[in-house]
2 protein chains.
Amino acid sequence: MGDMELDEFRKYGHQVIDWIADYLAHPERYPVMSQVEPGWIRKNLPENPPEEPESMNVILKDMEQYILPGITHWNHPAFFAYFAISGSGPGILGELLSAAFNVNAMLWKTSPAATELEEVVLDWLRQMMGLSDSFIGIINDTASVSTLCAMVAAREAITDFKTRSHGLTGHSKLPRLRLYTSEQAHSSVEKAAIVIGIGKEGVRKVSIDDEFRMDAEALKIAIKEDISNGWRPFSVVATVGTTSTTSIDPIMKIADICDEYKLWLHVDAAYAGTAAIIPEMRYVLDGCERADSIVVNPHKWLFAPIDISAFYCRKPDILRRTFSLVPEYLKTNEENVVHNYMDYGIQLGRRFRALKLWMIIRYFGKIGIINRLSEHISMAREFTSWVDDSSNFERLAPVPFSVVCFRANPWVRKGRLIRNEDEEYLNTLNEKLLNEINATGQTYLSHTYLRGKFTLRLAIGNIRTTREEVKKTWDLLQQYFVKLDKQLRPR
Amino acid sequence: MGDMELDEFRKYGHQVIDWIADYLAHPERYPVMSQVEPGWIRKNLPENPPEEPESMNVILKDMEQYILPGITHWNHPAFFAYFAISGSGPGILGELLSAAFNVNAMLWKTSPAATELEEVVLDWLRQMMGLSDSFIGIINDTASVSTLCAMVAAREAITDFKTRSHGLTGHSKLPRLRLYTSEQAHSSVEKAAIVIGIGKEGVRKVSIDDEFRMDAEALKIAIKEDISNGWRPFSVVATVGTTSTTSIDPIMKIADICDEYKLWLHVDAAYAGTAAIIPEMRYVLDGCERADSIVVNPHKWLFAPIDISAFYCRKPDILRRTFSLVPEYLKTNEENVVHNYMDYGIQLGRRFRALKLWMIIRYFGKIGIINRLSEHISMAREFTSWVDDSSNFERLAPVPFSVVCFRANPWVRKGRLIRNEDEEYLNTLNEKLLNEINATGQTYLSHTYLRGKFTLRLAIGNIRTTREEVKKTWDLLQQYFVKLDKQLRPR
């Protein structure tokens, strides 16, 4: 009865800590991308749950034998896919403490420290990014949820909270609602539109300029056109650091348009927002002080283990009017003097996520954070220079942060006109190149398509990534390019 | 540069493990409910983030000095508020490992082990609860999100996925949508209705019987009435273990009605579902095999640290049609042979939550889980018998699980007619009683209102709770009742 004996907890706790330290000392001993076949883990584990208790010793051995081979190592210094992330040491210790405290931060009183540390630490992050104190911070799990919350609040604001009570259907006079985002926006925007009931057609994807940024002129024209066709525009979701190319939408111009048409401006800065902590990079959030809400994920580029999403809103009263539901069993005596964070979002259950972020910011300090992010950007610029100087690779987008979009192209800088069949070959070549270098287990890149071109993405963001690792990947790319181009190029 | 030195990680890791072991050995050294004043933590922490790095030693000391006093101890053996929960030893170690792996389980390939362990472990839990293998499991963070996913899917199913593309507004012919749940349902149902755009009026709260269960007759009448008034019913959310009293809605009868009217039946068994692991308690899920979806939270009553919510659905194809959005940068070669869990819900970012549940189920074994849950139920029954035998307390609801609803009432079993002014006095008395015993720091109960009566709730669910602790709380209740009744009773 009861929990694990504490001597046993101590013993296995130490063992797990040591295991993690050994693992993090050399994640490069493992292939970056797991090399198991679909079904391998499942078939190695019992189909039925155990009747009897098993020893932690056996469980941890099985973890090594059957789970570890199925891990794709996001900790590997050559993890360059999607957005590379880091669960840093202080972040891991923070998660460990949070799991032990196991508090639910739904109400202030259910752990005042969880609520107040959330206030303090999100204010620290706000200050570091140079945002004004008109923004109130709330921690969500993911940017998907932060953006969803923003869209629900924007919808409620425009319908004067009638939607909260009445809903969207059955109004003979309510026009169709529309939000605007760029063609390069994250899929979470469209998912939010599905969830809140405006549908995929309720999202108008605004065209982009030649640097993958939302075209503000096109946005304005779209809004005018929609209004004249009976739509009701209600929000613009702009992005600082889009997923494919990390382009930065022209926030200032977009904010002007939002002012003019009274639209809720939400900024998705999930990946790139923390770059603004670097003084020379502060400009990337220019105009964001005029946004109604903004999301920045410390689990992306601020060394926090997944998950923690910082959602800032200048209209917390609207969030509260949108989401607050206080059943009798959750009423407290302090509700007028404290934040009960359950009132500001979707989830009632809320982990104590602020603790790890507090430990990370203190452990690295603002200076340590600036140095690490700057180093990532600098490595990306170095890689960019290699691509730009190469006669076999070309860059396909600007590099404002730490992600490089590029492809192999044997005809680059050869003054040769690229025909349609050449483009087809380049797509095949680059897809093959990606699959083969990922299969080596020595590096892991992901891809996107840019203007019909299969594009390789190298994303730097892991705290263990070094210049040597980036160079090794560059060498691999060249080596496999030569081999594949020889094999595959039509004659 | 780089992460914390690994020797340092090892040193502080061991220190944190030891600290946690010492803490969990005696959480009763701390007041259950934090006794800090609003603002105390905030005012003790620096307003601005540190410029320079700080040592982990100082950070951990500050944690003890400024965070710990603001913790409400959900680990305390006398935590009886809301639903009492446990972050067990194996669960904490599981979280620690997950934080260290720091994988995002959005796609199979981004960590095959995370996806396949999720499949395996949710299948184990399904088997233990005696649900059929037509249910496919998906891990979400919270029941709020699981129920929201169910409602979005139910809405899409009834509108034939037109809402996904077109949205709810601007259909001149789409009637108002309505879902049904009992007056005792959790607030997350209403929150889901707000989010998906059917509004609070889109939730019809069905009346309850004298044991706080949904009245199936009333449900049927409500549906018929709504249809004849032009509403479009689309779902029923039934509850196994409501939040206030843990009542069990008559699932079988409700399922008949859902069949008849083609409504999506979602069952909220967030707290009580795991009780079905006990063979004699399996009946509590009777009828649930006919539900379209069901949510059970291992972070409530299965010893998992917050957060992990198990969402089971018999129509995964509908979930997928509802939620799947695969932008180019997330396309993979395996999508037809594996689950990419991002396709089945709202969040793209997904922590590796299956690991802790796997470790918990193996460590305790099915038998160990049954014994612990049975002990909780048995303690609740013992407490119930004390209340039932007392001449100063009365029970206000049946006790199917481990939560007891009761109040102090000096006139109980005295054959005296309770007048309105007596009821007012009893409400005042019980509220005062709750506040005073919680202020002792020796116990923590929460409250609800049942039929206008201020009701005390004693919820047993912490793995460290013992009969002695329950008895101590009972003694405290009696002692404070005598004191307060003397002070407060109008003469």
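This is a predicted model: local features need pLDDT of at least 70, side-chain atom pairs count only at pLDDT 80 or more; totals for chains, interfaces and linings use all residues.
Good morning. Among the contacts in chain A between residues at least 6 apart in sequence, 73% join residues at least 24 apart.

Let me continue with the chain as a whole. Buried residues account for 60% of the 491 residues in chain A. Along the principal axes, the C-alpha atoms of chain A occupy a box of roughly 75 × 70 × 45 Å. As for secondary structure, chain A contains 15 helices and twelve strands. Its radius of gyration is 24 Å, close to the 23 Å that the globule rule gives for 491 residues, so chain A is as compact as a globular protein of that length.

I turn now to one pair of helices. Two packed helices are described by the angle between their axes and by the distance between those axes. The pair in question consists of helix H13 of chain A, residues 354-389, and helix H15 of chain A, residues 467-488. Their axes come within 10 Å and cross at roughly 25°. An angle under 35 degrees counts as roughly parallel, and H13(A) is therefore roughly parallel to H15(A). The crossing of H13(A) past H15(A) is right-handed.

Which residues make the contact? From H13(A) they are Met379(A), Glu382(A), Phe383(A) and Trp386(A); from H15(A), they are Arg467(A), Val470(A) and Trp474(A).

Thank you for your attention.

Notes. Residues are numbered from 1 along each chain as its sequence is written. Chains are lettered from A and ligands numbered from 1 in the order in which they are written. Axes are lines fitted to C-alpha atoms, for helices over the stretch in contact, and angles run from 0 to 180 degrees between N-to-C directions. Helices (H or I, at least four residues) and strands (E, at least two) are DSSP runs, numbered from the N terminus. Angles under 35 degrees count as roughly parallel, over 145 as roughly antiparallel, 65 to 115 as roughly perpendicular and the rest as oblique. A crossing is left-handed if the near helix is turned anticlockwise from the far one by less than a right angle, and right-handed if clockwise. Two residues are in contact if their C-beta atoms, placed from the backbone, lie within 7 Å. The radius of gyration is taken over C-alpha atoms; the globule rule is 2.2 Å times the number of residues to the power 0.38. A residue is buried if 20 or more other C-beta atoms lie within 10 Å of its own, exposed if 12 or fewer, and partly exposed in between; C-beta atoms are placed from the backbone.
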